[in-house]
Amino acid sequence: MATNILLTTDSYKVTHHLQYPPGTELVYSYFESRGGKFSETVFFGLQYILKKHLVGVVVTREKIEEAAAVMDAHLGPGLFNKKGWEYILEKHGGRLPLRIRAVPEGTIVPNKNVLFTVENTDPNCFWLSNYVEGLLVQVWYPLTVCTNSREQKKIIAKYLSETADSLDGLPFKLHDFGFRGSTSVESAAVGGASHLVNFRSSDTIPALIMAKDYYGQEEVAGVSIPAAEHSTITAWTQSGEVDAFRNMLIQFKDGAVACVSDSYNIWEACEKLWGGELKDLVMDRGKRGAGPLVIRPDSGDPATVVVKVLDTLGAKFGTTRNSKGYKMLPDYLRVIQGDGISYESLSAIMEHMKANQWSIDNLTFGSGGALLQRLHRDTQKCAYKCSYAIINGKGVDIFKDPVTDHGKLSKKGKLSLELDEGGKLVTRTQGTGDPHKDVMVTVFENGELLKDYSFKEVRARAEIPQLKSK
Ligand SMILES: O=C1OCCC/C1=C\Nc1ccccc1
């Protein structure tokens, strides 16, 4: 049995049908990202919520009975809007009489703009528009992961442009390490897919399934490579580390292979093992055109360690200068830094690499907790507010403007999102918009999904403009 939509909400919502003014026929609400950490937001993830929870026949007799029993116990007898849900079952066949209009997924929207609106399509169901708030506001997570991931793409692109021959490696420069640090398999899947809107590199396998199942991404949304973890190295014991490393080169002799090398002493691993006892085996990969050996430090100050690993390997295997005059390791050698990577730490690492004349192209970043978990609803200040209602046939613009925080001022009236003369997205309020110019489209109506965005088109919309030309 799918989740019960009647129970997928906050307790206070359950009695709100008794709290609106008598004669309320329409409640029209909107969702926005007021921003905070970043000045623009990638809109992504609503389709997942719609498909998973709202589309189709979601109200049944069983679910009404189940909910009635829970609410009578939870809130007190007779408070649950049983009649209201029975009306939806009988009049609408269990489909939700709602209209949701949203900006196309992948669109980049400056903060403080309407991203989607929700309204009831049946005047008797005025109480439903905000009953589904909790579920819909959970879009803050994919939207914020996607935005945070994309902001990191901008930083990496900047340093790649300055230090690399091309941006060809960009889609693979930030690798999702976040599965274990996620709060659930589902959030890892949703967050991981959000990252893959911007990149093609991930170890979060559930994300691949989410992109396929909910955004029609038949071709795998992200790639990875054979990689060691500490256990597969330390199981050989410290004296056997060289054998563990050699085994990696033999087991994965053709494609790329990554090997965590800091179990005991990363410096000796680079100097005496990779650059010493195993040097010929490593260089042989180059001669055979095999994929690179990717050496992985995993501790210490990231900027310091990355540069010192590059310097050590460069001294052993030699370097060349690329078209930007920065040093490159031989094609058969690369480095991945998967510890301590976040939006906040990237620049310092790449500045230090530049200062030591290393191209960013030598490196890939892995990010876990910071990529999928160290965010919250206020990172981009996502909120859902009612802006318009119809009471006894009369439309009324609604807003809040708390004297204690005018930053929470909400938008008034019916909203549309339009491109202004300068091509910037702006929100028209109080019904002043031109419906033909509204960028928002109806994605859901009366139980039906009206737009089914593909991951491919979402990625295209979310591209970073100044990179498109390259
Ligand atoms: O360390 C890790 O922690 C968490 C998940 C993955 C992971 C490493 N993976 C990897 C993939 C490709 C190249 C290098 C490493």
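Helix 12 passes helix 13 in a right-handed crossing, a term for a near helix turned clockwise from the far one by less than a right angle. The model is a predicted one, in which local features need pLDDT of at least 70 and side-chain atom pairs count only at pLDDT 80 or more, while totals for chains, interfaces and linings use all residues. Residues are numbered from 1 along each chain as its sequence is written, and side-chain values use heavy atoms, without hydrogens and water.

**Helix packing**

The axes of helix 12 (residues 302-317) and helix 13 (residues 343-355) come within 8 Å and cross at roughly 35 degrees. Axes are lines fitted to C-alpha atoms over the stretch in contact, with angles from 0 to 180 degrees between N-to-C directions; helices are DSSP runs (H or I, at least four residues) and strands are E runs of at least two, numbered from the N terminus. On helix 12, the contact (heavy atoms within 4.5 Å) is made by Pro302, Ala303, Thr304, Val306, Val307 and Leu310, and on helix 13 by Ala348, Ile349, His352 and Met353. These residues comprise eight nonpolar, two polar and no charged.

**Domain interface**

An automatic or database assignment divides the chain into domain 1 (5-143 + 383-469) and domain 2 (154-373). Their C-alpha centres lie 41 Å apart. To the contact between them, domain 1 gives 23 residues and domain 2 gives 24 residues. The buried area, meaning the accessible area (1.4 Å probe) lost by both parts on being put together, is about 2,100 Å², with 62% from carbon and sulfur atoms. Tyr48, Phe455 and Arg459 lose the most area on the domain 1 side, together 37% of what that side buries.

**Salt bridges**

A salt bridge places a side-chain nitrogen of Lys or Arg within 4 Å of a carboxyl oxygen of Asp or Glu. The structure holds 27 salt bridges, and two are counted between domain 1 and domain 2.

| Lys37 | Glu344 | 2.9 Å |

Methods: Nonpolar A, V, L, I, M, F, W, Y, C, P; charged D, E, K, R; others polar. Buried area = accessible area lost by both parts, 1.4 Å probe.
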